[in-house]
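User: I have a structure open and I'm new to it. Can you walk me through some ring contacts and strands?

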Amino acid sequence: MKFLLAVGLLLAAPAAAWAQGTPTPNRLDGSGVPATAAPLSRGPVSVGETEVDILGSYYQQNGDHSAVEGGIGTQHLTDASPTIVLNVPLDSVTRLSANVGFDYYASASTDRIDQVLSSPSAQDVRLHADFGLARLLADKLTTVGVGAGVSKEYDYLSFNLVGSYARTSRDGNRQFSATGQVYLDRVTLILPAELRPGGPGDKKYGSDNRQSFNLSLVYAQVLSKRLQVAVSAEPVAQRGLLSTPFQRVYFFNSNPALGAPGALGTAKAEVLPRLRYKYPVGLRLTYYATDLVQLRGFYRFYNDNFGIRAHTFELETPVKVTPFFTLYPFYRYHTQTAADYFAPYLAHSIADEFYTSDYDLAAFSAQKLGLGFRYAPLYGLSRFKVPFGNRVAKFKSLDLRYGHYWQTTGLTANVVSVDLGFVMP
């Protein structure tokens, strides 16, 4: 469904690759399960039709393992994320895409950077904009694309560049795609208040850099009239600052300069290696059980040089209740081992070279369960004149999705997402 692919496939970049380059909160949708391939057959495309999708989501989580407070404390977070996605035909073979939006979040966890409630870090806005250009070559089988984007938050500035290549077989039954993406990030070194060289009021933070290099290789094959398969590999290399400066770590042992173990003054800022490699591979199956029911299965194996190994399974079963109304229940299961550098509150030694108490790097299992629906009448939900160009737009589809997520660490989350789809001639 377009709603599931709109963000992750924009500019032909995988969702997982986008997540690697920016220090965003743990999210429910797209939290590591990439949309490895679009369907091989998308159906006819109206050359002169501009597609506009207005996306929005509201995310809320709770837990008691805040990395800002060294593995203890509230993880309460709310996030509202409106986004506009445009797909504009420039001619019969060239299309321009744009994804512009922002995230407004309020976090009780980052509120404790200064150990003062309602501090400036309690809430913030992340702005993002991505643009891409795709062109179908003369052979009508090959599509190439380029893109660029920017993202800005209070503690980082990120630029990305992307290039993509896709080739479909003459019979339309096979497709190979390759996408490369580079993120160049500038991170502000905001330390916990008590660890700043000039005292809690010191605002001379300094900065550091991070680069992420992502590659996505996908091969998709139609095996029969009812079965499609896609295999993917999405290696990632990161270098530079990979730790979060304002995340504290508390040690079970100490020295006179740090004070008593567990006291506020004994904290240090998280330290992780400055080089990381990730090696995820995935398998996606789409089975058309009947004309009304599909089965979409996904498996991913993940491995990295931090010591994390993970398995992810996902199943979605779209059911066409009427020709224009589809329900799609979904379920996801994820399990992972802990990073070599993770330990909970008061479990690290001051002799450790690297240390973190961020539970995103802990060993845990997680599940996600939810339901979505799509309503797309043949002639749209309504038509209206736009205030420019004397054009008539069609409100063609409505998608609504709810998911509930929970971890064995105690973290729980809920998210509601909506997609309003429009087309203009």
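Rings and strands

Analyst: The charged end of R401 sits over the ring of F330, 3.8 Å from its centre. A charge counts as over a ring if NZ of Lys or CZ of Arg is within 6 Å of the ring centre and within 35 degrees of the ring normal. This is a predicted model, in which local features need pLDDT of at least 70 and side-chain atom pairs count only at pLDDT 80 or more, while totals for chains, interfaces and linings use all residues. Residues are numbered from 1 along each chain as its sequence is written, and side-chain values use heavy atoms, with hydrogens and water left out.

User: What lies over the face of F306?

Analyst: R276 does, at 4.4 Å from the ring centre.

User: How many aromatic pairs are there in the whole structure?

Analyst: A search finds nine. Rings of Phe, Tyr and Trp (its six-membered ring) pair if their centres lie within 6.5 Å; planes under 30 degrees apart count as stacked, over 60 as edge-to-face and the rest as tilted.

User: Why is the pair of F306 and Y341 edge-to-face?

Analyst: Because their planes are at 85 degrees, with the ring centres 5.3 Å apart. F306 is in the loop between β16 (294-303) and β17 (309-316), and Y341 is in the loop between β19 (325-336) and β20 (364-375), so the pair links parts of the chain 35 residues apart. Strands here are DSSP runs (E, at least two residues), numbered from the N terminus.

User: Is F306 buried or exposed?

Analyst: F306 counts as buried, at 1% relative accessibility. Y341 is buried too, with a relative accessible area of 19%. Buried means under 20% relative accessible area, exposed over 50%, partly exposed in between (1.4 Å probe, protein chains only).

User: Which residues form one aromatic cluster?

Analyst: F306, Y341 and F354.

User: Switching to strands. How many bridges join β20 to β22?

Analyst: 10 bridges, and the two strands run antiparallel. Strand β22 covers residues 392-407, and in it L400 stands opposite F373. Two strands pair if DSSP finds at least two bridges between them.

User: What about β22 and β23?

Analyst: They are antiparallel as well, joined by 12 bridges, with β23 at residues 412-424. The bridge partner of W406 in β23 is T412.

User: What is there between those two strands?

Analyst: The hairpin of β22 and β23 has four residues between the strands, and G410 takes a positive phi near 105 degrees there.
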